[in-house]
Amino acid sequence: MSNKGFEYEEQILSLMTTNGFVSKEHIKQKSAGSDNTQPDMTLFLNGKNVNLEVKKSLNSQAGGTSLKYSQRNFYPVKSIEGVCSEKMNNLLNTKVESIEDFLGFHNANTFPFSSTKKRWIESVEKGLLKKINCKIECDSSFVERHYDRKNTYYIHIGNKGLYYMTKDIANLGVPKFDAKVCLEIRATRNGSRLNSSGVRVCSGALRIQARIKNIKESPFSLEDISSIERFKLVV
């Protein structure tokens with residue numbers, strides 16, 4: 001997430017705290033920021049502490065996973081919800097030759113793998129990385145399942161509003177998260193470090209990243225206190 005995304009989280013948390021939507025036990029909380037193992041914040045709605053995910057806008061990243069690759073086969077690190085497995089496999093199979101070319105350039109034969117940062121930059125400049133990139137549409141269950149693992153059942157999207165995912169555990173009556181979602185599949189570099197020989201090395205992985213592309217606007221929004229005022233009441 002960009003710094004603007006972190007700033008937006010803090011703005012929303014400040015607004016919620018000021019207007020009485022944070023319980024005493026969570027009054028000193030900070031937004032999750034770059035910690036993707038935690039909910040962005042915990043609010044007190046309808047007499048219940050609930051975890052929330054907060055997105056600044058559409059097109060924000062919304063969960064992901066990785067693929068392992070070996071001997072021209074793909075192995076998801078975790079189950080990929082919301083997309084037909086046959087369609088996913090067909091798409092991935094169209095990228096096998098590009099992946100083999102990319103790995104061959106790095107003297108590797110699997111994902112993940114290790115290489116030098118210099119070699120990685122060269123592969124990008126040669127256009128080898130770009131040839132791997134692809135996208136596929138999926139339904140909302142991919143995003144819902146990702147946040148369900150963090151016990152997070154509500155999501156707020158800037159300029160769109162508040163939704164529940166999987167189940168409305170606090171009986172807020174907000175709309176269900178029913179979005180158009182795109183999965184982006186690409187090779188990524190995970191940082192770099194100096195090895196014992198003083199050479200800067202890095203690791204490469206195949207990532208699947210979800211982005212929320214569109215959703216019908218909700219009548220409830222954390223940006224509009226009047227629309228959520230009734231959630232202060234214990235029901």
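**Close-up views of a predicted model**

**View 1. L183 and its surroundings.** In this predicted model, L183 touches I80, V83, M88, C134, K135, I136, C138, F142, I208, Q209 and A210, leaving aside residues up to four places away in sequence. L183 also belongs to the largest nonpolar core, which has 42 residues. Along with F102, F111, F177 and L206, L183 is among the residues with the most contacts inside that core.

View 2. In soluble globular proteins, nonpolar side chains tend to be buried together.

**View 3. Helix α3 and the residue after it.** Look along α3 for its buried residues: V96, S98, I99, F102, L103 and F105. Just after α3 comes N107, with a positive phi of about 55 degrees.

**View 4. An open sheet of 4 strands.** Follow the strands in the order β1-β2-β8-β9; their pairing is mixed. Why is one side of β1 and of β9 left without a neighbour in the sheet? Both β1 (41–45) and β9 (161–164) stand at the edges with a single partner strand each, so one side of each has no neighbour there. From one strand to the next, the twist averages 35 degrees.

**View 5. Where β1 meets β2.** These strands run antiparallel, and 5 bridges join β1 to β2 (residues 48–55). Here you can find F44 standing opposite N49 in β2.

Terms used
Residues are numbered from 1 along each chain as its sequence is written. This is a predicted model: local features need pLDDT of at least 70, side-chain atom pairs count only at pLDDT 80 or more; totals for chains, interfaces and linings use all residues. Side-chain values use heavy atoms; hydrogens and water are left out. A nonpolar core is a set of buried Ala, Val, Leu, Ile, Met, Phe, Trp, Tyr and Cys residues joined through side-chain atoms within 4.5 Å. Buried means under 20% relative accessible area, exposed over 50%, partly exposed in between (1.4 Å probe, protein chains only). Contact means heavy atoms within 4.5 Å. Helices (H or I, at least four residues) and strands (E, at least two) are DSSP runs, numbered from the N terminus. Two strands pair if DSSP finds at least two bridges between them. Axes are lines fitted to C-alpha atoms, for helices over the stretch in contact, and angles run from 0 to 180 degrees between N-to-C directions.
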